[in-house]
Amino acid sequence: MTGEHPADGLDDTVHQRHRLGVLVVLAESKKADFAYLKMTLGLTDGNLGRHLQVLADAGLVKLDKVFEQRRPRTWVTITKAGRAALTTELEILEDLIERARQTRP
Amino acid sequence: MSDPIDPAKLRDRVRADRHATSYPLVVVGAVGFHYISFNFRSDWVPWWYGLPLAFVIVWALQWRTERSRGVGSGNDDSLMIAFAVFLATSLVASETWASIVPSSTRLYPSVWLLPAVVGLGAIAWRQRNRALAMWTSILAVGLVAGSVFQDSTLNGFDRPVSLQTLLPQLAFLCAVIAGLMQFRAENAIVGS
């Protein structure tokens, strides 16, 4: 619909800053494990686990729980939908920044 | 309140953790430099195997990083590129190539390194990595310049130095040095 504010297009699932961080990391690397995401984003186990579940439920990431050298390891991979959602989010944010610049007194 | 997410900084961090720029630059640069320096007559491994092998080494280094640090490309891009480079080097090394494209002999030996430079460009493109793309261009320019000035020499030494060898050699050596500097910069980002 024309005349809609770009902010209307923001998806709350992606826009939440920790989930946005997870998607940015995965878009760059394609694959990261739970421990790496926790360390890079400075989150607790419970917090990251909840955010990953939200992203997985939305089909934006895929979680693979495996055993490596008898230790459990969770690999997180970005899906095509996740990559597309991140691209849309960043385009909207750029649009918003551009609008804010134009209306700056 | 914790810091807001900075996508650009986060991307740099992830790229540094993977050594995404330095590994391909150092390995492909060093292998290319080795073959130019020995006029492609290395006793080590024939160049048509050595150049694809460089990409297998890049893949192995990235696989090791993925296992130890928990972040990686999660696919076999470098292996696919190694296979493509292997096919390309086999083609340009063949008699068929020389027979079908006789004028291409004027590009020797630069054309032998071209598959490796294109492979490096493919890695840069897959990663959307500007630094790697810039060095790919510099290496390509070095190879083209070596072909263009193949009959020219640099005088003033004991023996004239052929620009056909010197220019690509310089380009690959600079790529290795840049890769090593990048490796240090990546470690600094990870440590910060």
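Some terms before the clicking starts: helices (H or I, at least four residues) and strands (E, at least two) are DSSP runs, numbered from the N terminus, and two strands pair if DSSP finds at least two bridges between them. This is a predicted model, in which local features need pLDDT of at least 70 and side-chain atom pairs count only at pLDDT 80 or more, while totals for chains, interfaces and linings use all residues. Residues are numbered from 1 along each chain as its sequence is written, with chains lettered from A and ligands numbered from 1 in the order in which they are written.

**Stop 1: the shared sheet**

Select K31(A). What stands opposite K31(A) in β1(B)? That's G72(B). In β3(A), K31(A) stands opposite T77(A). Now show the strands around it. β1 (residues 31-33) of chain A is joined by three bridges to β3 (residues 71-78) of chain A, running antiparallel, and β1(A) also pairs with β1(B) in the antiparallel sense, over two bridges. Put together, you get an open sheet of four strands in the order β2(A)-β3(A)-β1(A)-β1(B), with antiparallel pairing. The edges are β2 (61-68) of chain A and β1 (71-72) of chain B; each has a single partner strand, so one side of each is left without a neighbour in the sheet.

**Stop 2: where the chains touch**

Next, pick out the contact between the chains (two residues are in contact if their C-beta atoms, placed from the backbone, lie within 7 Å). Chain A puts in 16 residues and chain B 17 residues. On the chain A side, α2 (17-29), β1 and α3 (34-41) each supply at least two residues, and α2(A) has the largest share, with seven. That side of chain A divides into six nonpolar, five polar and five charged residues. Here Ala, Val, Leu, Ile, Met, Phe, Trp, Tyr, Cys and Pro count as nonpolar, Asp, Glu, Lys and Arg as charged, and the others, Gly among them, as polar.

**Stop 3: a helix in chain B**

Move to α2 (residues 22-37) of chain B. At 1.5 Å a residue (times one less than the number of residues), its 16 residues should span 22 Å, and the end C-alpha atoms are 22 Å apart, which agrees. Buried or exposed? Of the 16 residues of α2(B), 13 are buried; that takes 20 or more other C-beta atoms within 10 Å of a residue's own, against 12 or fewer for exposed and anything in between for partly exposed, with C-beta atoms placed from the backbone. Just after α2(B), check N39(B), which takes a positive phi of about 50°.

**Stop 4: the cores**

A nonpolar core is a set of buried Ala, Val, Leu, Ile, Met, Phe, Trp, Tyr and Cys residues joined through C-beta atoms within 7 Å. The largest has 35 residues, and A54(B), A116(B), L120(B) and L139(B) have the most contacts inside it. α2(B) gives the most to this core, with nine residues. Another core, of 22 residues, lies apart from it, with V25(A) and Y36(A) among them.

**Stop 5: out on a loop**

Finally, select G156(B), in the loop between β2 (153-154) and β3 (161-162) of chain B. G156(B) is exposed, with 7 other C-beta atoms within 10 Å.
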